[in-house]
Amino acid sequence: MRVRKGAARRRAKKRLFKEARGNFGGRKNLTRTVKETLVRSRAFAYRDRRVRKRDMRRLWITRITAACRSRGMSYSRFINGLLKAEIALNRKSLSELAIHQPQIFDELVELAQAQVAAAA
């Protein structure tokens, strides 16, 4: 006797179509095209979870650079001064300080400047 998978096949297709919702044309309602689209979208999702981390780090560095420049110091000298002063703050927290608590960031810049001047 020939078995046709009926309900199981429908359930599998429904799961694929649900994940492919929002795509254009056959990418949302043709089984083969949906499968190809999902393979590709999952690959992009995997890649972009890593790219997001890079992008956020770039954003934090840009913010810190702008804050340092407005206080008359370059980013590289600022980070170097913090390392010499043994202040271990990551770039995310430094950018948050620069935006939300500028007076604390001013103190960090002064500390970094003092360390750079002492080393020179």
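Helices here are DSSP runs of H or I with at least four residues, strands are runs of E with at least two, and both are numbered from the N terminus. Serine 95 lies in one such run, helix 4. The model is a predicted one, so local features need pLDDT of at least 70, side-chain atom pairs count only at pLDDT 80 or more, and totals for chains, interfaces and linings use all residues. Residues are numbered from 1 along each chain as its sequence is written, and side-chain values use heavy atoms, with hydrogens and water left out.

Start with serine 95. Is serine 95 buried or exposed? Serine 95 counts as buried, because its relative accessibility is 0%. Buried means under 20% relative accessible area, exposed means over 50%, and partly exposed is in between, with a 1.4 Å probe and protein chains only. Serine 95 touches Trp60, Arg63 and Ile64, leaving aside residues up to four places away in sequence. A contact here means heavy atoms within 4.5 Å.

Tryptophan 60 sits in helix 2. Tryptophan 60 is buried as well, with a relative accessible area of 19%. Its contacts, again not counting residues up to four places away in sequence, are Arg91, Lys92 and Ser95. Alanine 98 is 38 residues from tryptophan 60 along the chain, and their C-alpha atoms are separated by 9.9 Å.

Stay in helix 2, which spans residues 31-70, and move to threonine 65. Threonine 65 counts as buried because its relative accessibility is 18%. Its side chain reaches the backbone oxygen of isoleucine 61 at 2.7 Å. For such polar contacts, the cut-off is a pair of N or O atoms within 3.5 Å; within protein, one atom must be able to donate a hydrogen and the other to accept it, and residues adjacent in sequence count only if both atoms are side-chain atoms. Lysine 53 is another residue of helix 2. Lysine 53 is exposed, with a relative accessible area of 55%. A polar atom of the lysine 53 side chain lies 3.0 Å from the backbone oxygen of arginine 49.

Now the pairing of helix 4 and helix 5. How do the axes of helix 4 (residues 91-100) and helix 5 (residues 102-119) cross, and at what angle? They come within 6 Å and cross at roughly 120°. That makes helix 4 oblique to helix 5. On the helix 4 side, the contact is made by Leu94, Leu97, Ala98, Ile99 and His100; on the helix 5 side, by Pro102, Ile104, Phe105 and Leu108. By class, this contact has 8 nonpolar, 1 polar and no charged residues. The classes are these: Ala, Val, Leu, Ile, Met, Phe, Trp, Tyr, Cys and Pro count as nonpolar, Asp, Glu, Lys and Arg as charged, and the others, Gly among them, as polar. The axes are lines fitted to C-alpha atoms, for helices over the stretch in contact, and angles run from 0 to 180 degrees between N-to-C directions. Angles under 35 degrees count as roughly parallel, over 145 as roughly antiparallel, 65 to 115 as roughly perpendicular, and the rest as oblique.

Next comes the core. The largest nonpolar core has 16 residues. Those with the most contacts inside it are Ile64, Met73, Phe78, Leu82, Leu94, Phe105 and Leu108. Helix 2, helix 3, helix 4 and helix 5 each supply at least two residues of this core. The largest share, 5 residues, comes from helix 5. A nonpolar core is a set of buried Ala, Val, Leu, Ile, Met, Phe, Trp, Tyr and Cys residues joined through side-chain atoms within 4.5 Å. Phenylalanine 105 touches Ile64, Ala67, Cys68, Arg71, Phe78, Leu94, Leu97 and Ala98, not counting residues up to four places away in sequence.

Turn to helix 3 (residues 75-84), where arginine 77 lies. Arginine 77 is exposed, at 51% relative accessible area. Arginine 77 and valine 109 are 32 residues apart in sequence and 9.6 Å apart in space, C-alpha to C-alpha.

Two backbone details remain. Most residues other than glycine have a negative phi. Glutamate 86 has a positive phi of about 60° although it is not a glycine. Glutamate 86 is placed in the loop between helix 3 and helix 4, and it is exposed, with a relative accessible area of 72%. Lysine 5 also has a positive phi, of about 65°, and is not a glycine. Lysine 5 is found in the segment before helix 1 (6-19).
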